[in-house]
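Student: Let us go through this structure by question and answer. Please keep it brisk.

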Amino acid sequence: MTHPLGNLPSKIIAVHLNYPSRAKERGRVPAHPSYFLKPPSSLAGTKEPIVRPSGCELLGFEGEIALVIGSRAQRVEPEDGWSYVRWVTAANDAGVYDLRYADRGSNLRSKGADGFTPIGPRLLDARRLDPAALRVRTWVNGEPAQDDTTDTLLFPFGQLIADLSRLVTLEPGDVILTGTPAGASVAQPGDLVEVEVTAGELSTGRLANPIAEGGPLAPYGAMPRTDPAEREAAYGVAYEPEPPPATAGRCPQLDPRLADGLRSVAVATLSAQMRSRGLPHMSIDGVRPVGPGGPSMVGVAHTLRYLPLREDLFQRYGTGMNAQKRAIEELRPGHVLVMDARRDASAGTLGDILALRAAKRGAAGVVTDGAVRDSAAVAELGLPVYAAGAHPSVLGRRHVPWDTGVPIACGGALVQPGDLIVGDADGVVVVPPELAAELVADCREQERQERFIAERVAAGESVDGLYPLGPAWRDVYENWCKGETQ
């Protein structure tokens with residue numbers, strides 16, 4: 001397409017989360033804006049089709065306000081940021097969630113395809129607009145899907161430009177996609193998605209793009225695939241301030257059958273199977289169940305990171321509705337809150353009140369490589385909690401709660417939001433979601449072999465050639481399996 005200023009921009013920068021309504025859907029509130037790049041070749045205009053590649057099912061639409069930079073911006077102050085914007089228009093930050101796994105974080109293939117950034121149809125003169133008084137709306141087949149305003153943005157437009165220009169020079173014509181509000185979802189071939197930005201009586205007009213089915217992708221790289229977590233991310237799930245009792249323990253991101261499968265196998269077996277796949281560092285070391293043994297823990301990771309105490313920063317980051325409390329309030333049914341406390345168990349990272357709140361939010365468990373306080377009361381809640389120890393002090397003795405929803409290190413393991421967390425009496429492991437189903441199948445086979453081996457050892461057989469199961473015992477084992485299934 002022809003860019004509004006005559007040439008393609010040098011870059012398109014998109015903001016991940018900026019509307020409080022969307023942050024609630026996603027279950028996290030970022031402390032700072034984060035971004036990804038879309039190639040200029042993804043630009044399109046109104047009425048141009050957005051083509052969903054064959055084999056994909058999750059083409060997401062995201063109505064947004066697009067800012068077009070008018071003058072070169074370097075190291076701009078927030079109060080001056082808006083003065084560098086020349087035009088405002090409507091945009092659709094389209095993408096296919098089926099390819100998101102292939103470029104996690106960069107979104108290159110999932111959001112960078114040709115035609116995946118339609119903007120237009122008209123430009124509004126930014127000099128005539130109040131950036132805090134804009135409205136963005138989206139319709140699918142004429143039905144309202146999104147409607148929000150810019151008066152409560154997490155990161156106002158001037159702040160975005162200042163933040164970006166600290167390190168990245170914004171050139172005239174560059175486009176900034178400023179985030180999408182709640183309601184973004186999935187469109188199907190044959191649908192019509194429309195986006196409009198208004199400022200009082202001024203309007204961009206409706207950016208209208210039909211969704212079309214494309215041909216198959218050549219098999220030279222990652223191919224489309226999806227799972228329950230990606231479907232939930234694509235369709236969006238309504239925010240529940242207080243999960244009703246009927247949903248407690250249910251995680252919309254984790255298929256119940258897969259959760260049951262993970263519960264049915266031992267953590268030790270999962271660890272062995274991951275090690276055989278070249279993943280020997282998936283255990284969260286040094287944590288033990290708080291209190292006597294209880295039910296096994298299976299859930300989806302939601303992360304919280306602590307940093308070392310700095311007294312001059314604790315007042316800013318450690319008081320009020322800090323990251324620790326936000327992490328608790330962001331929990332949804334089936335989440336496991338995983339805390340990075342730098343393996344420092346000389347201060348509490350969770351007490352009985354916050355543990356109770358986590359249970360009320362429907363959490364599947366809590367894991368911390370720091371300490372818990374009020375450990376006896378925590379143990380009585382029935383919520384699976386794993387910790388490196390117990391300590392009477394509050395977190396301000398050692399820790400500053402810093403941020404949530406980011407990759408962390410817990411007990412020596414790297415944990416990403418969305419990883420699967422499984423715990424039993426032996427400890428806790430991190431399970432990559434894409435491996436979970438095959439791990440369950442292979443764990444069941446391993447445990448069946450070990451039952452057979454245990455029977456033979458109990459009958460007096462030597463472990464030589466038997467453990468692990470060797471060729472000499474293979475036929476006997478196969479016959480034993482037939483009897484076990486009868």
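Student: In which order do the seven strands form the open sheet?
Tutor: This is a predicted model, where local features need pLDDT of at least 70, side-chain atom pairs count only at pLDDT 80 or more, and totals for chains, interfaces and linings use all residues. Residues are numbered from 1 along each chain as its sequence is written, and side-chain values use heavy atoms, without hydrogens and water. Strands are DSSP E runs of at least two residues, numbered from the N terminus; two of them pair if DSSP finds at least two bridges between them. The pairing is mixed, and the order is β2-β1-β12-β6-β7-β9-β3.

Student: Which strands stand at the edges?
Tutor: An edge strand here has a single partner strand, so one side is left without a neighbour in the sheet. That applies to β2 (35-38) and β3 (43-44).

Student: Which residue in β2 is the bridge partner of Val 15?
Tutor: Strand β1 (residues 12-15) runs antiparallel to β2, and four bridges join them. The partner of Val 15 is Tyr 35.

Student: Is Thr 117 buried or exposed?
Tutor: Thr 117 lies in strand β9 (residues 117-125). Buried means under 20% relative accessible area, exposed over 50%, partly exposed in between (1.4 Å probe, protein chains only). Thr 117 has 0% relative accessibility, so the class is buried.

Student: Which side chain does a polar contact of 3.0 Å join to that of Thr 117?
Tutor: A polar contact is a pair of N or O atoms within 3.5 Å; within protein, one must be able to donate a hydrogen and the other to accept it, and residues adjacent in sequence count only if both atoms are side-chain atoms. At 3.0 Å, the partner is Lys 38.
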